[in-house]
Amino acid sequence: MEFIINNWYIILALVAILAAVGVAVYRYFNLPSETQLAKVREWLLWAVTEAEKELGGGTGRLKLRQVYDLFVTRFPWLARIVPFDLFSSLVDDALEDMRDMLKTNQAVKAHVNGEGVSNE
């Protein structure tokens with residue numbers, strides 16, 4: 001009992017944090033599955049862009065592995081239910097989107113190439 005009295009503010013903070021996490025998880029799981037998939041696709045676009053920046057061209061299998069490791073870390077519950085073939089297909093779609101962005105968006109191209117963006 002003395003522990004609770006002496007550390008009430010820590011306990012209260014932990015309860016508040018757990019409540020906030022619970023609300024966030026509840027809201028996410030109540031989104032329509034298409035919305036969830038859209039969020040995962042947006043995240044995958046970011047992940048493949050970062051992998052391209054870090055590893056460069058010609059490293060497809062390494063990039064896939066890096067993105068998959070990030071995916072398992074970011075979405076552990078989803079990694080258990082999404083087959084690797086489906087994940088690989090989603091990564092291929094994200095790579096296509098990234099290549100289109102590299103062709104049309106100089107800021108993304110500069111980011112991937114590690115260059116500064118000029119304001120010309």
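Predicted model: local features only at pLDDT ≥ 70, side-chain atom pairs only at ≥ 80, totals over all residues.
Buried denotes under 20% relative accessible area, exposed over 50%, and partly exposed the range in between, with a 1.4 Å probe and protein chains only. Helices (H or I, at least four residues) and strands (E, at least two) are DSSP runs numbered from the N terminus. Residues are numbered from 1 along each chain as its sequence is written, and side-chain values use heavy atoms, with hydrogens and water left out. Local features need pLDDT of at least 70 and side-chain atom pairs count only at pLDDT 80 or more, while totals for chains, interfaces and linings use all residues.

Just after α3, G56 takes a positive phi of about 80°. T59 lies in the loop between α3 and α4, and it counts as buried because its relative accessibility is 17%.

The largest nonpolar core has 23 residues, and those with the most contacts inside it are L44, V67, F71 and F87. Such a core is a set of buried Ala, Val, Leu, Ile, Met, Phe, Trp, Tyr and Cys residues joined through side-chain atoms within 4.5 Å. Two or more residues each come from α3 (33-55), α4 (60-74), α5 (76-79), α6 (84-104) and α7 (106-113), and α6 gives the most, with seven. Leaving aside neighbours within four places in sequence, F87 is in contact with L44, L64, V67, Y68, F71 and V82.

Helix α3 also contributes to the largest pocket, where it supplies the largest share of the lining, five residues. A pocket is an open set of points on a 1 Å grid over the protein atoms alone, where a 1.4 Å probe fits, with protein on both sides within 12 Å along at least five of seven lines; lining residues have an atom within 4 Å of a point. About 210 Å³ of space lies in the largest pocket, and of its 13 lining residues the closest to its centre are S33, Q36, L37, L78 and V82. The lining divides into ten nonpolar residues, two polar and one charged.

Conventions:
Contact = heavy atoms within 4.5 Å. Points joined across faces, edges and corners; volume = space filled by probe spheres on them. Nonpolar A, V, L, I, M, F, W, Y, C, P; charged D, E, K, R; others polar.
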